[in-house]
Amino acid sequence: MDDLFRFLLLRPATPVAPDDINELAASFAPAGTPVDAARKKAQAFVDRKAHATSAAGMKYSGAALKAVSGLRAGGLPAAELATLVKAATGKTLAQVIADPKFSAEAKLLADSLVAMKLLSDSSGGDAAGLAMVAQGYDAIQLASSGRDPVQLRPLTIANFPGNFPGRTPAPGAPRPPSAPPKSNDSKATAASLANLEAALSALTALSVSAFDTKNALPLAVTSGRARRTTASVAAASTKPWLLSASAIAKLPAAVRKTLAEHGANPQAQPLPQVMETLNTAKAPLELLLVDMSEAVELSQFGNAVAAVTPADYIGEPTSALPALPGNIRPAGIGDLLMVKQHTLRYEGGELAHVENILKSEHLSRDTRRLERTETTVLQETETTKEETRDTQTTDRFSLNRETSNTIKTDSSLKAGLSVDAKYGPFVEVKANADFSTSVSTESAEKQATQFSKDVVERSTSKLVERVLERRSVTTITEFEEKYSHGFDNSTGAGHISGFYQWLDKVLQAQVYNYGKRLLFDVTLPEPATNFILAQTHESDPSTTLVKPPAFTAIASQITEGTYLQWAKTYDATGLEPPPAPIKTVVKTFAGVYAQDGHQSTESATLAIDDGYRAKYCSFVKDAVREANAQWRVFVGSAWYDALTGDQYRNMAGEVGSIGFAYDAQNVNVLSASIEIFCERTERAYQAWQLKTHATITQAYLAKMQDFEQKLAQARAAAATVIAGHNPEFNQRLVSDELRKQCIALVTGQHFESFGALELSAEGYAQPNLDRTATQMPYVRFFEQAFEWEHIVYFFYPYFWGWKAGWKNRFLLDDVDPQFGDFLRAGAARVVFPVRPGFEAAVVHYLETAKIWNGGAAPDISGSLYVPIVTEIQEATGAPGGEVPVGDPWLVRLPTTLVRLRANNDLPEWQKVGDNWQPTN
């Protein structure tokens, strides 16, 4: 028969009469001696070697052990015990008791056991063996005094006022930690990240007065022909955005320490570089803090599917074995009464459902469930910017010079000849018939010089920015389940009624008495919670599936340091990098102006990238000027008197674009560079986070959909699934879970102290010798000191558990009704007995936290040695010395199973004896 743990029939603990206990008194310390004084006397008693270390050599120890062996299974008549003693000694009980050696040995046993107890160790002796012999001497004395029948009496020691050393504190008193507190790497990482954030915040809050301006470029007050020397220009070249020594000194000490730890030197590195260094250092820390579980690869072990990562099975314990026991105490000594049961049969119970089909009726049910989700997002943005700047400057200088010199001589002799000459584009000569002569001479010289300079500067800028973003996301989730069920009575001769009936489980139960035991009676909270939590890791039928980790991050948790890891985990593509924390916008201009007044002007609009705002402005310039020069530069809402040494200005957080203009007078040559320091806006960063989060979410959903499809295919291909577990398996599971909580209460620990395996260099699991030597005797003691196979329990309703969990617990059920009670239980009352012979060792542990009576685990010759065959027999329910009590009875338990009755008649029951049984 099996143990029936659903019911508990435990007789109340029988009060122990004074004559049912053997109270050991020590001759060296009378009862009532303060414990400290008694301990000193015990130490002196042991130091002079007056105590017994074993029963070897005692005249009547053999007879005592035979008496204990005969009484172990229960009481014996005094006559039978006398026969055992005579067979061992050749003497009657009266002769044994009359022997002074018997009294002296009994006194020595009492003194030795009390001394060992007071000193909390075995003092080099076999305390358990001596205790067994002392019980035998006591049984012989009882038989000779007229006790009939005779039973073994538990041993106690006289009361010594005061606590034993190491006694557990009272309930509610603080307990020392079982191990030093563990270092928390996550806390250190969070602290480092917080330091970086604080440093960045401090640098962001700086004003322009923090920048170093001691190397500002000086302006020359020279004539227009003066030129700068190479040395003066070289001396003026310096890195912008350097912080001054005074500004660095004003930074908080923690900020300066953080800068130094990450190699950022604001005196030698520009502020953008320093901030970039800190932002880069944040990324790996953010990745360490993100709660990013790994994908789980499943492998099958028998009927279970589990992960195969070595870290899931091998590791170091997180605490030492507890130095103090728990706070529970034995409930007392009483008869252990257990109810055992065995399944007789299954019977039909109440009706669950009636299905009626009329004559000539055809009934068919088709159920189709379809879920379809389709999401399409198309986003297209195009921006075109065109900017034309036309600047034309004419610088003109002309020099005209002309010189003319003319000499002319005329001589005429007319003799009938006429000549007409013309200087110009042609020469024309006319002659006539006159005989006249004429001579004419002319000399002309003409010189012309012209110098002209014409400079035209034309600047045309056309900026076309085209941002085209097309984003199309199509998610289709389709699930179709089609179920067809029908009844066809179209050719039947009459109506049909189908009766569905609940199945009840019928058991036969019997009470058994296991004799007197030292019993512990405890109440445990919500015993099934661990099992319920384990069910969240549902076993899958396939050994090749990889379930992606859940993506639970919100958009604000997507950072520059984590988004690539998320993308890798879920194979996300098309991600954009985050906008840079800092950008700069640069404007340069220069000119040479030689005309009178040396006037010049220029204006422009500078574009600031979307998602950024202007924070600082740096203005570096050089010029050659005349007296009374004037040069003003306007950048947004800030302006410079460019002839002073100022370099930096605070900006007003302009976004989109920023205006620029300057005008100059009496400035011969000028050149300048304007650099605008822009910081990323929070809105731009949040927009990137939202967009990246959406992309990663889509990738996660795609991987989960693929996993679920493969899982559904594997389940569809699997064989028929049987609901629930075998009741025998359930019984073992419940017993182990309750045993775990009981041991935790007795020992005051939660099993963080265990883990004796380690990985070898080759990757093999092997025992850690030191931890094995420490932990395994502890394990063996608590497995053998209690009869866990005789644990009995009763489950209390769900409402004794955590109220917020009621809604998840009170409807839990199982085809095994006893296991259903376990799942719903809000608390459980558990009674577990101490193994006979281990009473003193268990009490010793509760007082001193020392196992095995303060010594080593017993060998095969020790009185506390439990053969492995005995453990196997008890674990497998081999018959022992239990005695049936009363008559067996039937127990009917409802199940969640339903059957269809073979006949079309209604069920009926009749009373047979004290039980109702179905008649059809």
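# Reading helix packing, backbone and salt bridges

Reader: At what angle do helix α2 and helix α3 pack, and how far apart are their axes?

Author: Helix α2 (residues 61–71) and helix α3 (residues 78–89) pack at an angle of about 145°, and their axes are 9 Å apart. Axes are lines fitted to C-alpha atoms, for helices over the stretch in contact, and angles run from 0 to 180 degrees between N-to-C directions. Helices (H or I, at least four residues) and strands (E, at least two) are DSSP runs, numbered from the N terminus. This is a predicted model, in which local features need pLDDT of at least 70 and side-chain atom pairs count only at pLDDT 80 or more, while totals for chains, interfaces and linings use all residues. Residues are numbered from 1 along each chain as its sequence is written, and side-chain values use heavy atoms, with hydrogens and water left out.

Reader: Which residues make the contact of α2 and α3?

Author: Contact means heavy atoms within 4.5 Å, and here Ala-63, Lys-66, Ala-67 and Gly-70 of α2 meet Leu-81, Leu-84, Ala-88 and Thr-89 of α3.

Reader: What should I look for in the backbone?

Author: Most residues other than glycine have a negative phi, and most peptide bonds are trans. In this model Asn-666, in strand β19 (residues 657–680), has a positive phi of about 60° although it is not a glycine. The peptide bond from Asp-148 to Pro-149 is cis, with omega near 0°, and Pro-149 lies in the loop between α6 (127–144) and β3 (155–157).

Reader: Is Asn-666 buried or exposed?

Author: Buried means under 20% relative accessible area, exposed over 50%, and partly exposed in between (1.4 Å probe, protein chains only); Asn-666 counts as buried because its relative accessibility is 17%.

Reader: How many salt bridges are there?

Author: Side chains of opposite charge can pair when their charged atoms come close. A salt bridge is a side-chain nitrogen of Lys or Arg within 4 Å of a carboxyl oxygen of Asp or Glu, and by this rule the count comes to 18. One of them joins Glu-560 to Arg-680, with the closest N and O atoms 3.4 Å apart. Glu-560 lies in the loop between β13 (546–547) and α13 (563–570) and Arg-680 in strand β19, so this pair ties together parts that are 120 residues apart in sequence. Glu-560 is partly exposed, at a relative accessible area of 21%, whereas Arg-680 is buried at 16%.
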